[in-house]
Amino acid sequence: MEVRPIRNDADLAWAIGEVTPYFDAPPAHGSADADRFDVLSDLIEAYESRHFPAVELEPVDFLYAFMEMTGRTQADLGNVLGSRSRASEILHRKRALTVEMIFKLNEAWGIPGDCLLKPYKLAVA
């Protein structure tokens with residue numbers, strides 16, 4: 001089982017190239033290939049965590065990014081929240097997300113609640 005440390009982008013590209021075939025043909029559980037996949041995946045994750053830290057977004061920014069990524073609109077958000085004006089208030093930071101709204105977004109769109117539960121500042125009126 002050839003495995004080596006990931007110290008730079010070239011090593012990262014090599015490791016990704018090595019694990020990519022396993023996505024189409026997963027190795028048998030407990031096999032040497034499965035162990036190799038696990039080790040390389042852990043090395044990739046560790047390297048990416050050190051060199052490409054995740055950006056923490058405020059809930060409204062996360063919601064905007066999620067909507068853009070999934071092709072949803074403010075009207076779609078209004079349908080989930082029960083009102084287009086409520087969606088506008090949320091997106092313009094005039095009203096805070098409530099636990100009920102977060103629950104609805106989790107149920108309807110699968111957004112993890114912890115991404116929307118962080119405190120954030122509202123716009124000054």
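Student: How many aromatic pairs does a search of the whole structure find?

Tutor: Five. Keep in mind that this is a predicted model. One of the pairs is Phe23 with Phe37. The centres are 5.7 Å apart and the planes stand at 85 degrees, an edge-to-face pair.

Student: Where do Phe23 and Phe37 sit in the chain?

Tutor: Phe23 is in helix α1, residues 9-24. Phe37 is in helix α2, residues 32-51. They are 14 residues apart, and the pair links distant parts of the chain.

Student: Is Phe23 buried or exposed?

Tutor: Exposed, because its relative accessibility is 57% and the cut-off for exposed is over 50%.

Student: And Phe37, buried or exposed?

Tutor: Buried. Phe37 has 19% relative accessibility, and buried means under 20%.

Student: What about Phe66 and Trp109, how are those rings arranged?

Tutor: Phe66 and Trp109 are stacked. Their centres lie 6.1 Å apart, with 25 degrees between the planes. This pair also links distant parts of the chain: Phe66 is in helix α3 (residues 59-70) and Trp109 in helix α6 (residues 99-109).

Student: How accessible is Phe66? And Trp109?

Tutor: Phe66 has a relative accessible area of 13%, so it is buried. Trp109 is at 13% too and counts as buried.

Student: Back to Phe23 and Phe37. Which residues make up their aromatic cluster?

Tutor: Tyr22, Phe23 and Phe37.

Student: Tell me about Tyr22, then. Which helix is it in?

Tutor: Tyr22 is in helix α1. At 13% relative accessibility, Tyr22 is buried.

Student: What does Tyr22 touch, leaving aside neighbours within four places in sequence?

Tutor: Pro27, Asp33, Arg36 and Phe37. Take Asp33: it is eleven residues from Tyr22 in sequence. In space, the two are 8.6 Å apart, C-alpha to C-alpha.

Student: Which ring does Arg4 lie over?

Tutor: Trp14. Arg4 lies over the face of that ring, 3.9 Å from the ring centre.

Student: New topic, helix packing. How do you describe two packed helices?

Tutor: By the angle between their axes and the distance between the axes.

Student: At what angle do α4 and α5 pack?

Tutor: About 115 degrees, with the axes 7 Å apart. Helix α4 covers residues 74-81 and helix α5 residues 84-91. At that angle, α4 is roughly perpendicular to α5. The crossing of α4 and α5 is right-handed.

Student: Which residues meet there, between α4 and α5?

Tutor: From α4, Gln74, Ala75, Leu77, Gly78 and Leu81. From α5, Arg84, Arg86, Ala87, Ser88, Ile90 and Leu91.

Student: How do α4 and α6 pack?

Tutor: At about 110 degrees, with axes 9 Å apart. So α4 and α6 are roughly perpendicular to each other. Here α4 passes α6 in a right-handed crossing.

Student: Which residues of α4 and α6 meet?

Tutor: Asp76, Leu77, Val80 and Leu81 in α4. In α6, Met101, Lys104, Leu105, Ala108 and Trp109. That is the Trp109 that stacks with Phe66.

Student: Last one. Where is Arg93?

Tutor: In the loop between α5 and α6. Arg93 is buried, with a relative accessible area of 18%.

Student: And what is phi of Arg93?

Tutor: Near 60 degrees. That is a positive value in a residue other than glycine.

Note on methods:
Residues are numbered from 1 along each chain as its sequence is written. This is a predicted model: local features need pLDDT of at least 70, side-chain atom pairs count only at pLDDT 80 or more; totals for chains, interfaces and linings use all residues. Side-chain values use heavy atoms; hydrogens and water are left out. Rings of Phe, Tyr and Trp (its six-membered ring) pair if their centres lie within 6.5 Å; planes under 30 degrees apart count as stacked, over 60 as edge-to-face and the rest as tilted. Helices (H or I, at least four residues) and strands (E, at least two) are DSSP runs, numbered from the N terminus. Buried means under 20% relative accessible area, exposed over 50%, partly exposed in between (1.4 Å probe, protein chains only). A charge sits over a ring if NZ of Lys or CZ of Arg is within 6 Å of the ring centre and within 35 degrees of the ring normal. Axes are lines fitted to C-alpha atoms, for helices over the stretch in contact, and angles run from 0 to 180 degrees between N-to-C directions. Angles under 35 degrees count as roughly parallel, over 145 as roughly antiparallel, 65 to 115 as roughly perpendicular and the rest as oblique. A crossing is left-handed if the near helix is turned anticlockwise from the far one by less than a right angle, and right-handed if clockwise. Contact means heavy atoms within 4.5 Å.
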